[in-house]
Amino acid sequence: MKYVRTILEVTLYVIAFLLIQLLMTFAVAGIQMYNNGVTMDKVADMAAKGTLLPDANGIIIVSVISSVLTLVLFLLLKWAVVSRSYLQSRPWTVMAWTAVLTLGTIIPSTWLAEQIPYEMPQEMEAMLADMMHNRWGYLAIGMLAPLAEEVVFRGAILRVLLKLFDKRWHWVPIVISALIFGAVHGNVQQFVHAALIGLILGWMYYRTDSILPGVVFHWVNNSAAYLIANLIPNAEDTQLVDIFGGDQRAVYMALGCSLCLILPALFQLYIRLRKAE
């Protein structure tokens with residue numbers, strides 16, 4: 001019975017998370033279409049066919065409102081438990097090493113994504129690129145999304161999954177939550193990246209019983225992506241080898257240098273991550 005209840009809880013959390021985004025996407029896109037003179041019948045037909053999408057500004061609005069609604073819903077209904085006790089323990093060193101770990105994963109994550117054949121639809125790619133170049137896009141991507149996703153996938157989903165297993169088997173719920181986290185991103189490239197990152201985020205949550213390290217990791221990762229998109233011309237179409245002047249050996253050296261950040265950071269976090277007393 002305990003297992004059935006947990007499965008139902010996790011399913012509810014995932015559906016609620018996705019449904020909020022879906023409804024907000026249809027609502028914002030529908031309003032934009034209607035304001036542009038498209039009839040409600042046409043809007044409804046596009047929604048039924050799955051072709052109803054907002055423009056770049058609409059995507060930002062969808063992301064911001066969805067994140068806020070998600071936070072309100074999960075915290076108000078106590079699906080996720082948030083406490084200030086870990087922050088009050090002043091884990092500043094942990095936060096610093098978490099940032100170092102995040103920066104170390106950027107090049108390996110980019111390289112791994114390039115090894116997975118996937119072509120995003122051009123319209124979606126263009127909208128995401130516009131979003132990354134919009135100053136309000138950072139509010140959605142860099143600030144609200146990390147907080148909302150950590151509340152859902154670690155604060156709610158992983159929290160209830162951890163109750164099912166003995167501490168010796170803590171990696172089982174961490175892996176399950178990471179796979180769910182990867183799956184909701186909707187494509188193979190992001191699935192692999194998000195699932196692997198989800199393992200790290202889940203491990204940090206298990207060790208601290210707090211979403212705060214995950215929020216910092218998520219924030220640094222998304223902020224770095226936003227900065228790269230705005231500092232490197234046509235970053236969305238640029239390969240790592242192009243950034244390193246066409247020298248593949250330089251790419252491998254950069255991957256090796258990334259390990260010089262990742263390994264010490266993991267070691268320090270292994271020592272320092274602990275629950276608040």
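Predicted model: local features only at pLDDT ≥ 70, side-chain atom pairs only at ≥ 80, totals over all residues.

In which helix does Gln 189 lie?

Reply: Gln 189 lies in helix α9, which covers residues 188-208.

Start with the residue itself. Gln 189 counts as partly exposed, because its relative accessibility is 24%. Setting aside residues up to four places away in sequence, Gln 189 touches Ala 113, Ile 116 and Tyr 118. A longer separation can be given as well. Ser 223 is 34 residues from Gln 189 along the chain, and their C-alpha atoms are separated by 19 Å.

Next, the helix around this residue. Two packed helices are described by the angle between their axes and the distance between the axes. Take α8 to begin with. Helix α8 covers residues 171-183. The axes of α8 and α9 come within 7 Å. They cross at roughly 140 degrees. The crossing of α8 past α9 is right-handed.

Which residues make this contact? On the α8 side they are Trp 171, Ile 174, Val 175, Ala 178, Leu 179, Phe 181, Gly 182 and Ala 183. On the α9 side they are Gln 190, Phe 191, Ala 194, Ala 195, Gly 198, Leu 199, Leu 201, Gly 202, Trp 203 and Tyr 206. The residues of the contact of α8 with α9 divide into 14 nonpolar, four polar and no charged.

Now turn to α10, residues 212-231. The axes of α9 and α10 come within 8 Å and cross at roughly 150 degrees. That angle makes α9 roughly antiparallel to α10. From α9, the contact uses His 193, Ile 197, Ile 200, Leu 201, Met 204 and Thr 208. From α10, it uses Pro 213, Gly 214, Phe 217, His 218 and Asn 221. The residues of the contact of α9 with α10 divide into six nonpolar, five polar and no charged.

Ser 109 has its place in helix α5. It touches His 193 and Ile 197, with residues up to four places away in sequence not counted. Is Ser 109 buried or exposed? Ser 109 counts as buried, because its relative accessibility is 15%.

Met 131 lies in helix α6, residues 122-132. Met 131 is buried, with a relative accessible area of 6%. Leaving aside neighbours within four places in sequence, Met 131 is in contact with Ala 56, Ile 59, Ile 60, Ser 63, Gly 137, Ala 140, Ile 141 and Tyr 226.

Ser 66 is found in helix α3. It is buried, with a relative accessible area of 5%. Its contacts, not counting residues up to four places away in sequence, are Ile 20, Gln 21 and Met 24.

Lys 78 has a positive phi of about 60 degrees, although it is not a glycine. It is found in the loop between α3 (56-76) and α4 (85-88). Lys 78 is exposed, with a relative accessible area of 64%. Arg 90 is also not a glycine, and its phi is positive, near 55 degrees. Arg 90 lies in the loop between α4 and α5 (92-114). It is exposed, with a relative accessible area of 63%.

Last, the cysteines. A disulfide is a covalent bond between the sulfur atoms of two cysteines. A search of the whole structure finds zero disulfides. Cys 260 is exposed, with a relative accessible area of 57%.

Definitions and conventions: Residues numbered from 1 in each chain as written. Heavy atoms only, no water. Helix = DSSP H or I, 4+ residues; strand = E, 2+ residues; numbered from the N terminus. Buried < 20%, exposed > 50% of the residue type's maximum accessible area, 1.4 Å probe, protein only. Contact = heavy atoms within 4.5 Å. Axes fitted to C-alpha atoms, helices over the stretch in contact; angles between N-to-C directions. Left-handed = near helix turned anticlockwise from the far one by under 90°. Nonpolar A, V, L, I, M, F, W, Y, C, P; charged D, E, K, R; others polar. Parallel < 35°, antiparallel > 145°, perpendicular 65-115°, else oblique. Disulfide = S-S within 2.5 Å.
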